[in-house]
Structures are given as structure tokens and as C-alpha cells.
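Please keep the sequence and the coordinates in view while reading.

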Amino acid sequence: MIKNAFPTLVIAIAIVLTALILGNSFKNRNQNLDSISVTGLGTTDFVSDEILWSGTFTATSPDLKSAYNKITADKKTVSDFFISKGFKPEEFAFNAVVFQKKFREIRTENPQANFQTSYEQVFDGYEAIQNITFKSRKNNVLMAKIEAVSSKTSELINSGIELTSNPIQYTYSELPGLKKDLIEKATKDASERVEKIVSTANGDLGKLKGASMGVFQITGQGSNEEFSYGGVFDTYSKNKTARITVRLEYELQ
């Protein structure tokens, strides 16, 4: 008789567990229905206060010593050029010289056989590479000087030096504080939105269930650049726009 009662007991327990699971699911479903999520936006325009600009020039010679002497002489010419443009020696810096071997390719065709060509790499001397860098932070006068001279380096060609200019990079020194202000703006915007929605629908807003922050984005002002999932961080525009979103979820009473 005990053996006959055991299957019945198991079935009864299964029914009770199933009822509990279904009850909790229904309860959670209703909880999800009795909530509202709103996304707020924080955005601001700002002007970069940091600038970084660099350029590179090279010297080539059959032997290492001659290449070094040539790049040293060119370095003096480049330095004098920027000083003549109003820069102080401490307002720019030269990196360490980098040397690399240069090779040229010799192509030889076999006159005795069609489509048989051999290639040979032949040592062609040394190339010395020198980099010069300009930086400024919270110095509008120096920033303007760097911006102005970056487009005049072609004048060095008259001295036999070709300086390859890299794009100017603009950044902002107060970025952490800016980000905090945007989070505050976005949170306030989301809060005002949800209060307006609920009051218009004659509802009552409950407690905050959760909050999440979207991706921090920086683009050039007026840019058509699309926002990406991983974030956009523009360094080529002096005038920028920063934005961030905050998502709030509230219970409804």
C-alpha cells in the first residue's frame, strides 16, 4: 500500500511546484508590465583647449655617419625656422633620431627565356628619421601659433628640407568634469520626461528600479558623423559636441 501511495505523493509535489513556478512567472510578468523606461539625453558644445601637432623630416646617405651629420644639420635648420616664426626653443621638442637601412629592388629579365624575371634587393644606404612635436594646453596664444605655422612648413623646401606634417589633434583637459555634467543633464532629462508621461496619463510614478548609461560620444560641431555602438571620439575638430544618454526604469503605482 505504501508503494502505491509513493507515486501519488510525487505527482502531488510536482503539481505544487508547477503552481508555484507559474504563479511567480505571472507575478513577474505583471511587475514588468507595471514599469516604464525612459531615455534622457545630455549634450553640450565645447572648444578644445589642448593641441598636438608633429612633423617628420629625413636625411639619406650611403653611410651611417654621413646620415647622422646630415640630419643634425637639418635639425638646426628646422629649429631656426620655427624660432623665426616666433616660437621659443622650449615650445617644441625633437624626438630621438631613428635610423633604418634602405634597399632598392633590381629587376633582371632573362633574354633567353620569356617571362623569367629575377629580383634582387640591394643595400642603398641609411635613412635618418627625425620627428618634431608641438604641444599646448590651456594656452590660446601658443595654440594659435601652432595652428598658423602648421600650414607654412613648405617654406622649408627652400632649405632643402621636406617636412611631412601630421594632422593636428585637438583634445580637452576637463573631459572628466564634462562627462559628469552630461550624466547629470541626461538623468534630469530622463526624469522630467517620465514624470511628464506619467502625469499626462493620470498615473502614479513609483520608485526607481534601475539606471544605465549609454555610450559617451564626441563629434565635431555640425558633423554628420554617425554614432557608433563603441563610441565616437573626434580629435580632428577644435569645436566639438559631446553627448551621452541615461536610461531610467521606474515602477508604476
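Which residues of α2 are buried? This is a predicted model, in which local features need pLDDT of at least 70 and side-chain atom pairs count only at pLDDT 80 or more, while totals for chains, interfaces and linings use all residues. Residues are numbered from 1 along each chain as its sequence is written, and side-chain values use heavy atoms, with hydrogens and water left out.

The buried residues of α2 are Ala 67, Ile 71, Asp 74, Val 78, Ser 79, Phe 81 and Phe 82; buried means under 20% relative accessible area, exposed over 50%, and partly exposed in between (1.4 Å probe, protein chains only). Viewed down the axis of α2, these residues fall within an arc of 155°, so they line one face of the helix; the arc is that of the directions from the helix axis to the C-beta atoms. An α-helix has 3.6 residues a turn, so residues three or four places apart point the same way. Lys 65, Lys 76 and Ser 84 are exposed on the other side of α2.

The buried residues of α2 pack against β2 (50-61), β3 (92-94), β4 (98-109), β5 (117-137) and α3 (140-149), where contact means heavy atoms within 4.5 Å. Helices (H or I, at least four residues) and strands (E, at least two) are DSSP runs, numbered from the N terminus.

Turning to α4, its buried residues include Leu 175, Leu 178, Leu 182 and Val 198. The buried residues of α4 pack against β1 (35-47), β8 (205-213), β9 (217-220) and β10 (239-252). Just after α4, Asn 202 adopts a positive phi of about 60°.
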